[in-house]
Amino acid sequence: MVNKTDFIASLAKGLGVIEAFRAERPRLSIAEVAEATGLDRATARRCLLTLHELGYADYDGKFFTLTPRILRLGMGALAAMPLAQLVQPWLDQLSEQIGQSTSVSILDGTEIVYLARAAQRRVMSIGLMPGSRLPAHCTSMGRVLLAALPESEARAIVERSDLTPRTRHSLTAPDEIMARIRQARADGHAVIDQEVELGLRSLAVPLWNAHGRVVAALNTGVAAVQSSAEELVTLYLPALLRVQEGLRRVLR
């Protein structure tokens with residue numbers, strides 16, 4: 001626990017304002033930021049105008065949007081992470097072999113955070129890159145990461161997640177989602193069929209380190225052109241498992 005005299009409340013508020021911006025809400029007004037963060041409007045306004053003054057946000061008189069400069073706050077740390085450095089060449093090679101985009105992510109609360117990615121073609125309407133976030137409960141990587149946790153811990157994460165459906169295929173009942181997580185634990189992989197976005201299917205496996213601990217997840221996302229989602233297992237699982245085994249020998 002940080003000593004109160006060492007805690008900078010204004011910094012915490014500013015970081016909260018930055019985190020209010022998401023892929024699904026890239027333009028926010030002062031009132032919307034205040035609502036999303038729990039700050040009063042005056043504090044939210046000061047934080048936003050400070051970001052604007054420093055070049056981290058654009059302002060059109062009503063709405064604020066983050067600028068590419070904001071990436072400086074996270075990209076350096078992500079790029080410097082040993083895990084991201086280790087997996088990138090494997091992702092590049094795997095993507096070339098199977099002709100599909102591949103990614104590695106970690107679990108952060110109720111979301112997954114992309115650490116590394118090798119893109120072949122764009123299959124999602126939103127662009128994904130290191131630092132991008134998606135809900136854990138409805139993504140293939142999220143489900144294998146949740147499957148690595150004790151049942152009670154995984155359920156607690158699911159129950160505090162925003163279960164608003166993203167498509168008509170999205171599961172919204174915690175019990176149904178937990179059943180899929182248990183299935184992922186038993187199978188050693190997870191398949192998602194258009195739960196995140198229509199037309200997108202994905203397959204993920206956990207990544208273990210040399211000590212047998214799950215440290216990340218590996219996936220491939222493809223257009224839903226197969227007759228069934230299960231075909232992804234036949235087509236791509238062997239290649240993902242080879243990378244999984246190769247990385248198990250080098251991850252610490």
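Let's start at Thr 220, where a polar atom of the side chain lies 2.9 Å from the backbone oxygen of Ser 101. Keep in mind that this is a predicted model. Thr 220 belongs to strand E8, which covers residues 214–223. Is Thr 220 buried or exposed? Thr 220 is buried, because its relative accessibility is 0% and the cut-off for buried is under 20%.

Now, on to the aromatic rings. How many aromatic pairs are there? The count comes to one aromatic pair. That pair is Tyr 59 with Phe 64: their ring centres are 4.0 Å apart and the planes meet at 5°, so we call the pair stacked. The angle settles that, because planes under 30 degrees apart count as stacked. As for the two partners, Phe 64 is buried, at a relative accessible area of 0%, whereas Tyr 59 is partly exposed, at 33% relative accessibility.

While we're on rings, let me show you two arginines. Arg 27 has its charged end over the ring of Phe 63, 4.2 Å from the ring centre. Arg 69 places its charged end over the ring of Tyr 56, and there the distance to the centre is 5.2 Å.

Last stop, friends: the surface. Which residues form a nonpolar patch there? Ile 8, Leu 11 and Leu 15 do, and together they have about 290 Å² of accessible area. Take Leu 15 as one of them: you'll find Leu 15 in helix H1, residues 9–19. Leu 15 counts as partly exposed, because its relative accessibility is 44%, and that falls between the 20% and 50% cut-offs.

Conventions: Residues numbered from 1 in each chain as written. Predicted model: local features only at pLDDT ≥ 70, side-chain atom pairs only at ≥ 80, totals over all residues. Heavy atoms only, no water. Patch = residues over 30% accessible without salt bridge, like charges linked within 9 Å, V, L, I, M, F, W, Y side chains within 5 Å. Areas by Shrake-Rupley, 256 points an atom, 1.4 Å probe, with all protein chains shown as cover. Salt bridge = Lys/Arg side-chain N within 4 Å of Asp/Glu carboxyl O. Helix = DSSP H or I, 4+ residues; strand = E, 2+ residues; numbered from the N terminus. Buried < 20%, exposed > 50% of the residue type's maximum accessible area, 1.4 Å probe, protein only. Phe/Tyr/Trp six-rings, centres within 6.5 Å; stacked < 30°, edge-to-face > 60°. Lys NZ or Arg CZ within 6 Å of the ring centre and 35° of its normal. Polar contact = N/O pair within 3.5 Å; in protein donor to acceptor, adjacent residues only side chain to side chain.
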